[in-house]
Amino acid sequence: PEVPNRSTAVLNFDSIPGSLLDAVAVPAGYSAQVLVPWGTPLNNKASAWDNTGNNSAEDQANAMGMHHDGMHFFPLNDAADDGLLCINHEYIDSNALHPHGPSKDSGTNLRTSVEEIRKEINAHGVSVVRVKLNGNQWAIVDNDPLNRRFTAATVMDMAGPLAYTSYLETRFSPDGSQTRGTLNNCGNGYTPWGTYLTCEENWPGYFVNKGTKTEEQNRIGVSGSATRYGWDDLAGDADERLDEFTRFNVTPTAASAAADYRNEANGFGYIVEIDPYSQNARAVKRTALGRFRHEGCAFGKLEEGKPIVFYSGHDSKFEYIYKFVSDAVWDPADANPSNRRVAGDKYMDHGTLYVAKFSEDGAGSWLPLTMNSPTTGGGVLGDTFDSLAAILLNTAGAADLVGATPMDRPEWASIDPFTGTVYMTLTNNSSRTEANVANPRLNNYFGHIIRWDEGSDMTSFSWDIFLFGSPASADADTNLSGLTDLNMFASPDGLAFDERGILWVQTDNGAADVTSYTNDQMLAIVPSAMVDSQGQQQAVTGANQSQLKRFFVGPNGCEVTGFAISPDYKSVFINIQHPDNWPYSDNATTETPSGQTVRPRAATVVIRRNDGGEIGI
Ligand code: FEO
Ligand code: CA
Ligand code: CA
Ligand code: CA
């Protein structure tokens with residue numbers, strides 16, 4: 001049979017108008033349910049979630065974390081109605097977490113005790129939770145042996161070129177083989193061998209060096225004055241038994257790195273692999289994929305006998321897009337490996353990291369980050385760095401030297417299952433005063449989605465811009481995709497293709513002229529169906545903008561992020577992060593009554609069709 005190269009999916013719902021409610025909005029014929037909100041116990045070591053904010057740190061270590069973000073559904077026994085959700089917990093609202101609430105974080109540092117710091121640490125990380133469909137409603141499987149938490153304190157293994165180097169030596173791990181915890185888990189990925197990837201994004205803010213910062217700490221933005229939540233600095237408790245907290249202060253204090261925590265931050269900034277199907281497997285930080293503010297991680301179209309490619313964006317203004325190419329070539333037998341840890345070691349510990357350079361006329365090149373890679377100054381990276389480990393530790397600093405293209409905040413990537421084209425969100429960059437070919441708008445408040453096809457070798461690609469965010473009211477120089485009230489958006493962030501070729505686009509903090517019309521949202525489009533008479537893929541323009549449809553709008557104050565779909569395409573899971581005053585009930589579309597204040601809870605929302613059919617078509 002002929003291999004199809006374009007999707008035949010046709011979106012069969014009416015684009016919904018914007019919404020500004022303490023409730024979610026879905027198209028006619030759909031329903032939305034709240035699932036596993038922050039604080040939901042995973043097992044009976046945790047007490048039920050307490051609306052007063054008085055749950056303990058121990059409760060929090062055995063319950064859903066806060067601020068749900070990236071997510072994936074791993075079926076059990078190939079079922080569409082029974083599986084494991086892996087869910088990231090990016091950060092916290094102190095106000096809602098502690099009894100001070102209920103209203104959303106005012107930005108004040110509200111914790112006052114060791115117990116409360118432990119609760120904050122335990123509210124970060126990743127949850128693995130078994131969920132099952134009963135009738136038309138999903139529910140958590142309480143006490144399932146695979147239900148599990150990874151927190152900002154969980155012991156994890158280091159793997160790849162940085163493992164066992166002096167860069168990772170600490171008093172906790174004198175041989176540089178382990179670290180404690182994962183931080184600021186934003187976007188996600190998954191692997192062809194059935195594991196979850198969680199991505200450490202804004203981790204530098206959790207560390208402070210009050211002495212002389214290293215060049216690498218300056219480049220990535222470790223603070224010289226204070227950490228985000230003050231975990232390092234609980235007044236009166238400098239006791240070394242509390243190194244669970246003082247480790248976040250990376251100022252050198254002892255004679256050697258192995259005797260203090262100067263290297264503690266070096267254990268963060270990675271793609272972290274989690275095996276959801278193995279109850280006791282440790283999480284592994286894959287250092288070969290580079291160290292920066294990883295937003296997400298997506299693998300390219302798989303081909304037997306070819307390397308696996310992973311794409312990851314560095315989400316900060318003027319940062320870069322990276323890809324990792326494995327040394328090992330894909331063996332389809334590894335889709336069901338007898339040992340997932342061994343598969344991860346095989347494909348993620350050895351390979352080459354590249355950074356993207358976008359050129360005129362839709363051409364691009366991947367610049368390798370290795371010891372003998374040429375720099376724009378006429379030398380090689382080996383002139384500046386003494387090992388591959390040193391390059392990877394300061395990935396962004398190395399990328400500066402080879403001439404990568406500074407982008408408008410790279411967020412998620414996703415790969416069209418029909419064409420293999422890679423799509424990536426560039427969420428916004430209000431500081432851009434100088435355009436480049438791939439980031440053409442100055443003061444880019446609204447963001448865009450770029451895409452590329454790999455060339456025949458590993459080092460070239462061709463690219464174009466697929467879609468520009470904009471208010472409908474903006475002039476044609478800004479509203480380059482011709483968006484209307486029915487599909488205007490800003491700040492694209494979460495991005496996911498499903499296997500039917502539908503691309504789902506989620507938003508985070510739309511700029512003013514969009515937020516006055518609608519809360520953050522999720523839209524859908526079928527890119528591979530948009531071809532011209534020559535079979536060339538089309539970008540979104542005024543002539544075809546109606547292909548982009550708004551499917552979902554979140555409650556006030558939230559960001560819409562994280563995407564998973566059941567294997568039968570009948571349940572879509574998305575996450576609501578940092579809502580203002582929601583959820584009011586288990587029905588996600590129920591509005592919080594005016595005048596009432598609820599303690600806000602990040603949550604997964606499951607969307608189903610009332611007639612039980614496939615979502616979207
Ligand atoms: Fe946590 Fe880049 O979004
Ligand atoms: Ca994000
Ligand atoms: Ca974002
Ligand atoms: Ca966020």
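**Close-up 1. Strand S7 and its pairing partners.** In this predicted model, strand S7 (residues 155-159) and strand S12 (residues 284-286) pair in the parallel sense over 3 bridges. Strands are DSSP runs of E with at least two residues and helices are runs of H or I with at least four, both numbered from the N terminus; two strands pair if DSSP finds at least two bridges between them. Met-158 has Lys-285 as its bridge partner in S12. S7 is also joined by 3 bridges to S8, and these two run antiparallel. Val-155 stands opposite Arg-180 in S8. Residues are numbered from 1 along each chain as its sequence is written, while chains are lettered from A and ligands numbered from 1 in the order in which they are written. As the model is predicted, local features need pLDDT of at least 70 and side-chain atom pairs count only at pLDDT 80 or more, whereas totals for chains, interfaces and linings use all residues.

Close-up 2. Ala-163 counts as buried because it has 22 C-beta neighbours inside 10 Å; the cut-offs are 20 or more other C-beta atoms within 10 Å for buried, 12 or fewer for exposed, and partly exposed in between, with C-beta atoms placed from the backbone. Leaving aside neighbours within four places in sequence, its contacts (C-beta atoms within 7 Å) are Met-158, Leu-168, Gly-176, Ser-177 and Thr-287. Thr-287 is 124 residues from Ala-163 in sequence, with a C-alpha to C-alpha distance of 7.5 Å.

**Close-up 3. The S4-S5 hairpin.** Strands S4 (residues 125-134) and S5 (residues 137-140) run antiparallel and are joined by 4 bridges. Asn-134 has Gln-137 in S5 as its bridge partner. The hairpin has 2 residues between its strands, and Gly-135 in the turn has a positive phi of about 65°.

Close-up 4. In H8 (residues 395-402), 6 of the 8 residues are buried: Thr-395, Ala-396, Ala-398, Ala-399, Leu-401 and Val-402. Among the elements covering these buried residues are helix H4 (215-220), strand S17 (351-358) and helix H7 (388-393). Gly-403 follows H8 and has a positive phi, near 95°.

**Close-up 5. An open sheet of 4 strands.** The order is S24-S25-S26-S27, with antiparallel pairing. Strand S24 (492-497) and strand S27 (549-553) are the edge strands, each pairing on one side only. Neighbouring strands are turned by 25° against each other on average, direction ignored; axes are lines fitted to C-alpha atoms, and angles run from 0 to 180 degrees between N-to-C directions. Strands S25 (residues 503-507) and S26 (residues 521-525) pair over 4 bridges, with Gln-506 opposite Met-522 in S26.

How values were computed:
Two residues are in contact if their C-beta atoms, placed from the backbone, lie within 7 Å.
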